[in-house]
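Me: I would like to go through a structure with you, beginning with the charged pairs and then moving on to other topics. Could you take my questions as they come?

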Amino acid sequence: MFVLIAFRNLVQARRRTLLLGLALAAVTAMFVLLLALSAGIGETMIRSATTLASGHVNIGGFFKSRSSSAAPVIGDVPALRALVEEKLEGVEHVVDRARGFARVVSPETSMQVGLTGIDVGEEVGLLRTLRLAQESEYVEGGREEVVGRSDALDEDRGALIFAAQARRLGIKVGDPLTIIAETL
């Protein structure tokens with residue numbers, strides 16, 4: 001009985017029913033669009049972050065060279081790599097990155113940084129994820145074009161720094177940098 005009354009009410013007020021139907025369809029479409037957009041952004045952020053940080057699983061160790069300091073060192077890397085590839089399911093790729101801390105010195109100033117050493121041939125997604133900055137982003141009055149090349153990282157004396165670091169150090173592509181780090 002109630003369903004029949006509701007149906008007659010909807011048929012009698014066609015304009016109101018049509019407006020309500022359009023409003024419900026618009027809200028539903030907006031909700032689906034926003035869910036898809038947020039899921040895409042979230043997935044992209046996770047993929048970029050894990051690519052830059054070297055993945056979902058990181059193995060680290062420290063060596064105490066003296067009581068007041070420690071250095072990030074891992075021994076027997078091939079055995080650890082084989083263990084990870086064997087024991088973890090769904091591994092896309094395994095990369096070996098050297099990590100450390102250093103003072104980077106330019107002709108103008110210096111700063112403390114975290115260093116990451118990479119093997120360019122081994123990196124699957126890192127170079128695709130990174131976007132090289134236009135010279136104008138780190139040099140006042142610089143050109144509106146990318147000056148450096150990511151494939152130059154495979155050459156001797158190749159380094160990649162963030163645009164904010166280059167701006168703070170007052171350097172551009174090709175300028176000398178001195179890296180001062182404790183070695184074991």
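Me: To begin, is R143 buried, partly exposed or exposed?
Reply: R143 is partly exposed, because its relative accessible area is 42%. Please bear in mind that this is a predicted model.

Me: And what does the R143 side chain meet in a salt bridge?
Reply: The partner is E145, with an N to O distance of 4.0 Å. E145 is also at 42% relative accessibility and therefore counts as partly exposed.

Me: What about R149, which side chain does that one meet?
Reply: R149 and E155 meet in a salt bridge, at 2.8 Å from N to O. R149 has a relative accessible area of 47%, so it is partly exposed. E155 is partly exposed as well, because its value is 43%.
Reply: There is also a network: R81, E85 and E122 are joined by salt bridges that share partners.

Me: How many salt bridges are there in the whole structure?
Reply: The search finds ten. One of them pairs R97 with E123, whose closest N and O atoms are 2.8 Å apart.

Me: Where in the chain do R97 and E123 lie?
Reply: They lie in distant parts of the chain, 26 residues apart. R97 is in the loop between helix 3 (77–87) and strand 3, and E123 is in the loop between strand 4 and helix 4 (126–129).

Me: Is that pair buried or exposed?
Reply: Both R97 and E123 are buried.

Me: Why can such side chains pair at all?
Reply: Side chains of opposite charge can pair when their charged atoms come close.

Me: Let us turn to the strands. How many bridges join strand 3 to strand 4?
Reply: Eight bridges join them, and the two strands run antiparallel. They form a hairpin, with four residues between strand 3 and strand 4. Within this pairing, R103 stands opposite Q112 of strand 4.

Me: Strand 3 also pairs with strand 5; how many bridges are there?
Reply: Three bridges join strand 3 (residues 98–105) to strand 5 (residues 178–180), again in an antiparallel arrangement. Here V104 faces I179 of strand 5.

Me: I noticed a glycine, G114. Where is it found?
Reply: G114 is found in strand 4. Its relative accessibility is 55%, so it counts as exposed. Apart from residues up to four places away in sequence, G114 touches G100 and F101.

Me: How far apart are G114 and L132 in space?
Reply: They are 19 Å apart, C-alpha to C-alpha, and 18 residues apart in sequence.

Me: Which residues make up the largest nonpolar core?
Reply: That core has eight residues: V104, M111, V113, A133, Y138, A166, L169 and I171. At least two of its residues come from strand 4 (110–117), and at least two from helix 5 (163–169).

Me: What is A166 in contact with?
Reply: Beyond its neighbours within four places in sequence, A166 contacts Y138, I161 and I171.

Me: Why would nonpolar side chains gather like that?
Reply: In soluble globular proteins, nonpolar side chains tend to be buried together.

Me: Which residues form the nonpolar patch on the surface?
Reply: The patch consists of M30, L34, L37, I41 and M45, which together have about 530 Å² of accessible area. L34 belongs to helix 2 (residues 14–53). Its relative accessibility is 48%, so L34 counts as partly exposed.

Conventions
Residues numbered from 1 in each chain as written. Predicted model: local features only at pLDDT ≥ 70, side-chain atom pairs only at ≥ 80, totals over all residues. Heavy atoms only, no water. Patch = residues over 30% accessible without salt bridge, like charges linked within 9 Å, V, L, I, M, F, W, Y side chains within 5 Å. Areas by Shrake-Rupley, 256 points an atom, 1.4 Å probe, with all protein chains shown as cover. Buried < 20%, exposed > 50% of the residue type's maximum accessible area, 1.4 Å probe, protein only. Core = buried A, V, L, I, M, F, W, Y, C linked by side-chain atoms within 4.5 Å. Contact = heavy atoms within 4.5 Å. Pairing = 2+ DSSP bridges.
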